[in-house]
Amino acid sequence: MKLLRLFLDIHPERKHVQMVLSTGVKMSLFLAVLFTFSTIGIRAEAADKENCLMCHKYRQIGRIDEQGRKRSYYVNENIYANTTHRNVPCRDCHTYITRIPHDPVTEEVNCANQCHIKPPFSKENFSHRKIIDIYNKSVHGIKKDDSEELKAAKPYCKYCHLNPIYRKVAAERIAPNTLLRCLNCHDKKGVTQAYKHITHRLRRKTSRSPQEIVELCSKNCHEDVEKMEKLKVSHETLEAVETYKESMHGKSVLLGSQNSADCISCHASSAIHDIYKKEDKNATINIANRAKICEQCHKGVNERFIQIDVHPNLEKDPILHFAAINLTFAFYGSVFGLLGLALLETIGRKKDGIKWQIRQGTTWRGVSKRWLNKYGPK
Amino acid sequence: MPGEPKRLEHPASVYLIGAIFMLITLSVLGVAIYQVTFSPEGPAVLVPLQKKLEEKKKSAILEEVRRQEEMEKHRHFHNMVEYPQLPEKDQPVCYICHSSYPHSKNKKVRSLLNMHTQFFVCETCHLEQKKGMKIVYKWYNPYEENPPGPFFGTSYDPETGNLVEVEDQFSKIAPYVVKGNRLVSAIQVQNAPLARDYVRVRDKLTPEQRDNVKKKFHVNIKPKGHECKVCHSKKSILDFKKLGFADNRTIDLQELNIKGLITKYETFYIPNLFK
């Protein structure tokens, strides 16, 4: 519970972590024992041999810079100890810092640097180089011919990635027996941390929810039509967010579905960063590769299936346009038709002189004019 | 039949069913109205009006500040945490102009000095100590005269070695002037007569007059605060024990971390920093 409380405290916006609360009693006990062991003794010290946290652990360390922007240099040691970078020494990324107290930082971190972490079964120090190479080739990588504006607008690593916090794994995803077997040979701390590191990436393409992915791609970027126009993107890209939200995929994601396709589901392979224009033969959405992408979710994908427009533009396609109009009429016709009939009935009754009354268990009282005309007063 | 007495004594279930139907009807009506007026799926007849109203409230400054805050989250990378902030009316007077990040001149130490605003009010370092003035330091909290603690930064968690997280997020060390048997707060709070009067009339003052009043706020304030050694040494003006600091934390504050940093780098890297 300690770790859970920590997770919820430190990152309230990641609400789905609360799913953990619904774990069964048996699993909870198992997890509690396991994760309690994994949290005890965790501190950022491992990565902070040079004691950078001596200053940076205080939340008010920071300043208002010359442009009036608030700069915070605070690193919460409890959170850092539960992030994927917890064992990476500060200066493996912040290589430009050579003395303490250091000069104002003007350089950016290069995620392609090698750090002093050796992944299991590897002789080389770890680096994000491979994925960065994939990314640089993709449509989002900065190219020589790009305009300055485009270069500045293209997202960099930190634009999408904050230092990821380990999320506790939902009980139904855990294979307790397998995990216990690991403990026969390996240290508890190492196993549980490795388990947390891997498991949340296991069953989905990304560890983020479809809603988070859609928000990530849209916010401040693809949904900003003015910005996209300036960057001279294709017409389809320009209206991509809007048309996605019109689509079945978009609507179910916006309604909370965890299984419907988000941007990454179709536009990237398991490498996540290999997004290309659809004309590019490397693109997952290229007509030659599209069937494979659809097959991730749909059975019986054939030539005709892959022709379905997943970013439908209701105004441009005449068939969709008329279908949309018909459905609109069906919707408004049924709802307002019913309400209209009820309204007409009410007006009619009022006109006939029947009184509207809620008290004493009846809604209408009195005798209608028509009845009086027909049968006369009593 | 008409003329017959009306049946009034319906069973309770009828009312219940009626209420459910009423609820359904009202929900459908509500959703239908939303569908027509604001929903992006419908004709959105009131959306232009909404946009027009929003346009009036729009502020370029506010938008830019929010955008910068969003960008800072990404530049920062290390999961920024939002802490509860004192409402502006409960902050001491200084914060209105100087904010929680008042230091910006000395490039080497500005951030380190700003870091201290988590623990100190401005007067703790910047109070001009007149001759014969006796000052004691204790924890100040705008909501409690004698906050009980525990306070952040006073002890380590024996399990993790990290500083213990505490509930009290607002208490800071503040100076009090000893007058006989009494301790008089040296903080300028917004409730003080001068501050209240200033807030009341500031819009009526000319810029020069306003400047004149602002100077009054600084009568007992020295522009350069204490040097590090004044607190971070065995002869510290702060009575760490009395302030509730654990013994090992006190030693760290007096001896290990800070003093080490100061003595090690005083002459080598930062020759003029601590003079």
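In chain B of this predicted model, three strands form an open sheet in the order β1-β2-β3, with antiparallel pairing. Strands here are DSSP runs (E, at least two residues; helices are H or I, at least four), numbered from the N terminus, and two of them pair if DSSP finds at least two bridges between them. The edges of the sheet are taken by β1 (135-140) and β3 (182-185) of chain B, each with a single partner strand, so one side of each is left without a neighbour in the sheet. On average, and with direction ignored, neighbouring strands are turned by 45° against each other, the axes being lines fitted to C-alpha atoms.

Strand β2 (residues 172-179) of chain B is joined to β1(B) by six bridges and to β3(B) by four. Y176(B) in β2(B) is the bridge partner of V136(B), and Y176(B) also stands opposite S185(B) in β3(B). A hairpin is formed by β2(B) and β3(B), with two residues between them; in its turn, G180(B) has a positive phi of about 65°.

The largest nonpolar core comprises 33 residues, and those with the most contacts inside it are I173(B), L238(B) and F245(B). Such a core is a set of buried Ala, Val, Leu, Ile, Met, Phe, Trp, Tyr and Cys residues joined through side-chain atoms within 4.5 Å, where buried means under 20% relative accessible area (1.4 Å probe, protein chains only). At least two residues each are supplied by α3 (53-56) of chain A and by α5 (110-115), β1 and β2 of chain B. The most is given by β1(B), with three residues.

Six cavities of 30 Å³ or more were found. A cavity is a set of points on a 1 Å grid over the protein atoms alone where a 1.4 Å probe fits but cannot get out, and lining residues have an atom within 4 Å of a point; a volume is the space filled by probe spheres set on the points, which are joined across faces, edges and corners. The largest cavity has a volume of about 200 Å³. Of its 19 lining residues, R59(A), Q118(B), F152(B), V166(B) and Q169(B) are the closest to its centre. The second largest cavity has a volume of about 170 Å³. Among its 14 lining residues, those closest to the centre are R59(A), Q60(A), Q85(B), Q169(B) and K172(B).

Residues are numbered from 1 along each chain as its sequence is written, and chains are lettered from A in the order in which they are written. Local features need pLDDT of at least 70 and side-chain atom pairs count only at pLDDT 80 or more, whereas totals for chains, interfaces and linings use all residues; side-chain values use heavy atoms, with hydrogens and water left out.

Definitions and conventions: 1 Å grid on protein atoms, 1.4 Å probe; cavity = no way out; pocket = protein on both sides within 12 Å on 5 of 7 lines; lining within 4 Å. Axes fitted to C-alpha atoms, helices over the stretch in contact; angles between N-to-C directions. Buried < 20%, exposed > 50% of the residue type's maximum accessible area, 1.4 Å probe, protein only.
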